[in-house]
Amino acid sequence: MSRPPRQPLFLARQTYRWRRATDAARLLPILGVLLFLFPLLRGGGGTAAYSAYMFMVWLALIIAAAFLSNRLSPPRNETEDEDGG
Amino acid sequence: MIPFNILVAVCVAYAAFLFAVAFVAERRAEAGQLGWLRSPLIYTLSLSVYCTAWTFYGAVGYAARSGLEFVTIYIGPTLVFVGWWWLLRKLVRIGRTQRITSIADLISSRYGKSNFLAAIVTILAVVGTTPYIALQLQSVTLSFSVFALEDLRPWVPSDLNATAIWVAAGLALFTVLFGTRNLDANERHHGVVTAIAVEALVKLLALLAVGVFVVWGVAGGMGQVADRIAESPLAETTFQGGRWAGITFLSAAAIITLPRMFQVLVVENADERHLATASWAFPLYLFLMSLFVVPIAVVGLQTQPEGANPDLFVLTIPLSMGAEGVATLSFLGGFSAATSMVIVASIALSTMVSNHIVMPLWLYVQGRGATVSGDVRRVVLMSRRLSIAAVMTLGYLYFRLTGGTEALAAIGLIAFTGVAQVLPALVGGIFWRGATKRGAVAGLLTGFFLWGYTLFLPSFGPGGVMSPELLQHGPWGIEWLRPHALLGVAGLDPLIHAVFWSLTLNTVAFLAVSLSGFPSPLERLQGAQFVNVFEHSTGVQGWLRGAAEAEDLLVMSQRILGSEKAQTMFHTAASGQGKAGYLPDTTPGFLEQLERELAGSVGAATSHAMVGQIVGRSSVSVEDLMAVADETAQMMEHSIQLEAKSEEISRTARQLREANEKLTEISVQKDAFLSQVSHELRTPMTSIRAFSEILKSDTPLAAEDRARYSQIIHDEAIRLTRLLDDLLDLSVLENGEVQLNTQTGDLQDLLSRAITAATASDGPNLRVARDGTTDPVVLTTDTDRLSQVFINLIANARKYCTAETPRLTIRVRQNKGSVEVDFVDNGDGIPKRSQSIIFEKFSRLGDRNAAGGAGLGLAICREIMANLGGDIAYVPGQGGAAFRVRLPLDVAKAA
């Protein structure tokens, strides 16, 4: 049994954008980790300023996630995981 | 001040409100009006069971002690949700396709449905969660006591215990009522989830209200707050890198592995798309929950008296400022946080305990295995209810035993670490096909043990469970086994030390054992199903119930049952539900009936899988497949048996046909025999009559003619007599009625006498030669009959041998327990086509008058030999007619 060709080599614009959105969704938590751990490099400082920084990062992550979730929400039934899961 | 009675009344009213919410939600769900009950908002809010009383009250206390570090508890879950595309999406999909009921079920299902593994996870979960439930009870009683301090009438401690009992009992009642309404794990607990969502709103509003009150009511705006922070002991934050990263990781792990989180996140998930909303909405919820924590802590530290419990600032600040409304709201928020956690945790735990510990034991005790009869459902429900009560009782007992101690306050992170031990097996199981059951067991047991040794047991304090000496110097004085400094790794925070050792060694054991083993077929299949879940399952679909589904079922049933029968059945079911048309609601009852109906055609397992495919949106599990295979095997066996039977029947038919043919043949032979006999009798009779008429006539005859005619009559009469004798003889022989006259004699003698007798009368000259052994062969048989055969054969040779100088060779040979006598002449022999009929009656070759016999001789010989236990056969290819008489020697001797 020969496998049917899995995926076309080039994708339509919409699908391409959707794929990149999934990439971004995967990268977002990594960015979050970096930003949240960043203060550790500096060692310490004023609580008020750090609080502000933390909550800013937090809010930015939430907004980014909301944006991406909106992009990803229309369900795609095609093979979703190009990395094979 | 709020009197105690009014507080209790508020509490009871709030509880009654929650009951009502749950009840209404259940009602709506039953009526099929799901609507907002399954919205992403409800899902997101239900996830807030993560925020327990420990976080509601404790976050402020945490901030008052350690500053900003408290956010790590929320950052971990935020990262997991923001990264939902990695893990949560897969987890939820697996949960739906595999019909997962709990985290223990997920682990056991992934590793070949191992109940042992499920039991380990269940025990781990119970050990980790019971103290947590106790913590919730404690926070409720503490919050009551805060009001009690303000009350005029002083409370006694027994009041606190009574409060805890009442709260525990009320929670147990609620959970049993709304958490065990039905069995099917795919059915959502709509009532519970809705109530939890309401509670989530209450606690969020409460905390925000306190925050707003503190910032703008007490401190006087954000700017003022910043100043106050700068003046407070929390002004400077020093980041402890290990703790910061460690707790972030721990809370990220906990959001997935906590039994209650798994329950709302995966099991209660109604639609995969809700996860997309929750991916930002839940972090937003956490964000709002922690927004005012630092200001509250700072203001609390500055306004509350020295030594006040910072865990209760959320309550004590508004109370001390006289804002009773805010305080009451805050109290209800804390109450909500505590109760929602206890309710969901006990549902999750009871499912696990009942499915993986109680039911296997019950089935084992019953001894009959899972022969599902009606009452199993009742047993499962009962075991769940009892499990809920048991979990609640355990929590209460734990609270009574350790209540108020430091141990209980610290239990939050300790519990996180405990349940996080599931993480390697979980993540490994859904991303790595090589993960095996042995590996998971090894990892879990290692992690569980190290967690208990380095964190849980020491948390009871020196002298609690572990002696001070053990904590200080390790068991038996072995320093490098000290619970807080394994292998000499001292100087780490005890929590981080435990997290590091338990999870590292857990992962190492899991990987090493997985790599070295070979999984069972079921494990490998399940592994493939889990890891490649997106390739095996259909896309995002909701749990839509309705016409489309019923139509699919109808289409399928028509194919199997035939369209008329299927339509009748659907129509009947629809009108039974009071609906017109052919599409009934797919109620469990109807599905059960349909499944049974289909099972009649395709087998139970197949029909279950087919209906499940359409209704459950679930992929066929390996067990289903195995059941289907079993059924197919049974059917194949059945059809093989049928085939064998039909073969047997056709064999019998063939035998009957053969018998019939034989009978017809025999009947034909009989007819032929009769006509032969009458013909044979008729010929001599005719000549006798003719000649006797001549003799009787008056015509004078010469004397010699008279004599000749008389001779003819005489000869014919003799021939007639001989014929009748032969016929009589043959009939006796054929019917086996012959009386054998057994006596002992020598074969050589018999032959000699037979030769003499056969060659005595007039006729062609025949030279007889004797060949082979001349030793005496002693026989015990009917020698007269045997002689008759010999004489017949010799006479035949004499009569029919066509050679010019006829010669007969008689050869005697002893051969393997039998003696053979060959009679071979030098004539032309018998033509091949006639060889098969020479032993038949009246078979005569060539000119029948030539020999003057009736053609019964060889037939008689054959019958005689059969009666003597031997046989006679024609032996072709001997240079003439050759007959072989065989007589078994042993029979001959024995006879």
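In the predicted model described here, B:Val812 has B:Val821 of strand S6 of chain B as its bridge partner. Strand S5 (residues 807–815) and strand S6 (residues 818–825) of chain B run antiparallel and are joined by 8 bridges; helices (H or I, at least four residues) and strands (E, at least two) are DSSP runs numbered from the N terminus. Local features are given at pLDDT of at least 70 and side-chain atom pairs at pLDDT 80 or more, while totals for chains, interfaces and linings use all residues. Residues are numbered from 1 along each chain as its sequence is written, and chains are lettered from A in the order in which they are written.

S5(B) and S6(B) belong to an open sheet of 5 strands in chain B, with the order S3-S5-S6-S8-S7 and mixed pairing; two strands pair if DSSP finds at least two bridges between them. At the edges are strand S3 (767–772) and strand S7 (871–874) of chain B, each pairing on one side only. On average, and with direction ignored, neighbouring strands of this sheet are turned by 20° against each other. Helix H34 (residues 783–800) of chain B lies across S5, S6, S7 and strand S8 (882–888), and runs at about 20° to S6(B). Axes here are lines fitted to C-alpha atoms, for helices over the stretch in contact, with angles from 0 to 180 degrees between N-to-C directions.

Next comes a helix pair. Helix H10 (residues 190–219) and helix H14 (residues 273–291) of chain B pack at an angle of about 35°, with their axes 8 Å apart. Their crossing is left-handed, a term for a near helix turned anticlockwise from the far one by less than a right angle. From H10(B), B:Leu204, B:Leu207, B:Leu208 and B:Gly211 meet B:Tyr285, B:Leu288, B:Met289 and B:Leu291 of H14(B). This contact has 7 nonpolar residues, 1 polar and no charged; Ala, Val, Leu, Ile, Met, Phe, Trp, Tyr, Cys and Pro count as nonpolar, Asp, Glu, Lys and Arg as charged, and the others, Gly among them, as polar.

Chain B has 37 helices and 8 strands, and 44% of its 895 residues count as buried, that is, with 20 or more other C-beta atoms within 10 Å of their own, C-beta atoms being placed from the backbone. The largest nonpolar core has 200 residues, and B:Ile107, B:Val121, B:Ile296 and B:Ala297 have the most contacts inside it. Such a core is a set of buried Ala, Val, Leu, Ile, Met, Phe, Trp, Tyr and Cys residues joined through C-beta atoms within 7 Å. Helix H17 (residues 324–366) of chain B gives the most to this core, with 19 residues. Beyond its neighbours within four places in sequence, B:Val121 is in contact with B:Ile103, B:Ala104, B:Ile107, B:Val422 and B:Leu444; a contact means that the C-beta atoms, placed from the backbone, lie within 7 Å.

Chain A follows the pattern α-β-α along its sequence, and 21% of its 85 residues are buried. At the interface, 35 residues of chain A are in contact with 39 residues of chain B. Helix H1 (13–42), strand S1 (44–46) and helix H2 (47–72) of chain A each supply at least two residues of the side that touches chain B, and H2(A) gives the largest share, 14 residues. By class, this side of chain A divides into 20 nonpolar, 12 polar and 3 charged residues.

Terms used:
Contact = placed C-beta atoms within 7 Å. Buried ≥ 20, exposed ≤ 12 C-beta atoms within 10 Å, placed from the backbone.
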